[in-house]
Amino acid sequence: MMSLTLAGQSFAMDYQEVGPRPPMEGTVRFDLYRGYLIVARGSAGTRTGLTFLLDTGASPTVIDSKLARKLHLQAVPSSIAVLGGSVQAGTAVVPSLNFGPVERNNVPVLIEDLSFLEKAIPVRVDGVIGLDVLGQSPFVIDYAARQIHFGPLPALPDPIPLHMTDGLAIIDAQVNELPAHLLLDTGASSLLLFARNMPGTVWDLKINAVKQRSDTIGESERKPVKLHELRLGTAEFGQEPAFVVADGSHGGHSFDGLMSPTALGMRKVAIDLSRGELALSR
């Protein structure tokens, strides 16, 4: 999922609908793969019965190149900033996107070959629905019930502040008593910190290696570590496992890593971008 996270920051801000927006309230059922990947059924344009990956760490929404050809989308070539550098992709406008109560028209999207996702999950993914579409309404992800509930939320218990940067939801955190900015990413399998070899950052101090080996994610090496402390708002976590990515190139974005709710054992996640609030429940 590294190549999808952080796609097209300024492009996501151009989202515009034609005509009045219907209220978004209702429930989407989803399948859960690998314990964290959320997959739901929907439609795009004239095509129905499609499979979408729902990912808060992606913005804007991505449509598979095969589906784009079936929809006869006119793609404009573009270079998109992602973790590890940039990729060549196309940009286009999908006339409609639908899944559950979510109905959006004239949605700007990226066009990219998503066939690599078949290595992670046993279904063909036709698109990755990002926060540019998901965040148009408050919603609650219920991992235990395999449902997402869209609609107004009551006051959230112990809300964690979040703010939007380049179309992505960022959480102010404390990692080993040092400040960090983490991307809320349901498409991430673990807590991930970026190593930039800069003095005074979270990965320089008080992080102990768990193993003396490196794994790989795409083009980036990662080292497993054990954090002494993680704090999100007023919520405190104990010694949490994480990974440090050796490659510090991440598309020029100004945050320090990815926060996966399932990696922290969360069963429910409530997100209200209009109030700038996040709530987590085990």
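I began with Glu277, which forms a salt bridge with Arg275; their closest N and O atoms lie 3.3 Å apart. I counted a salt bridge when a side-chain nitrogen of Lys or Arg is within 4 Å of a carboxyl oxygen of Asp or Glu. Arg275 is partly exposed, at 37% relative accessible area. My classes: buried is under 20% relative accessible area, exposed is over 50%, and partly exposed is in between, with a 1.4 Å probe and protein chains only.

I noted the ground rules. This is a predicted model, in which local features need pLDDT of at least 70 and side-chain atom pairs count only at pLDDT 80 or more, while totals for chains, interfaces and linings use all residues. Residues are numbered from 1 along each chain as its sequence is written, and side-chain values use heavy atoms, with hydrogens and water left out.

Next I searched the whole structure and found seven salt bridges. In one of them, Asp64 pairs with Arg124, with the closest N and O atoms 2.4 Å apart. This pair links distant parts of the chain, 60 residues apart: Asp64 is in strand E5 (62-64), and Arg124 is in the loop between strand E8 (102-112) and strand E9 (127-129). Asp64 counts as buried because its relative accessibility is 1%. Arg124, at 29%, counts as partly exposed. I also found Asp64, Glu118 and Arg124 linked in a network of salt bridges.

I then checked Lys268, which bridges to Asp142 with the closest N and O atoms 3.9 Å apart. Here strand E23 (268-272) holds Lys268 and strand E10 (139-142) holds Asp142, 126 residues apart. Lys268 is partly exposed at 40%, whereas Asp142 is buried at 10%.

Which residues touch the most other members of the largest nonpolar core? They are Phe99 and Leu232, in a core of 56 residues. A separate second core has 14 residues, including Leu114 and Val123. I took a nonpolar core as buried Ala, Val, Leu, Ile, Met, Phe, Trp, Tyr and Cys residues joined through side-chain atoms within 4.5 Å. Beyond its neighbours within four places in sequence, Leu232 is in contact (heavy atoms within 4.5 Å) with residues including Ile160, Phe237 and Leu280.

Last, I took the totals. The chain has three helices and 24 strands, read as DSSP runs (helices H or I, at least four residues; strands E, at least two) numbered from the N terminus. Buried residues make up 55% of the 282. Of contacts between residues at least 6 apart in sequence, 66% join residues at least 24 apart.
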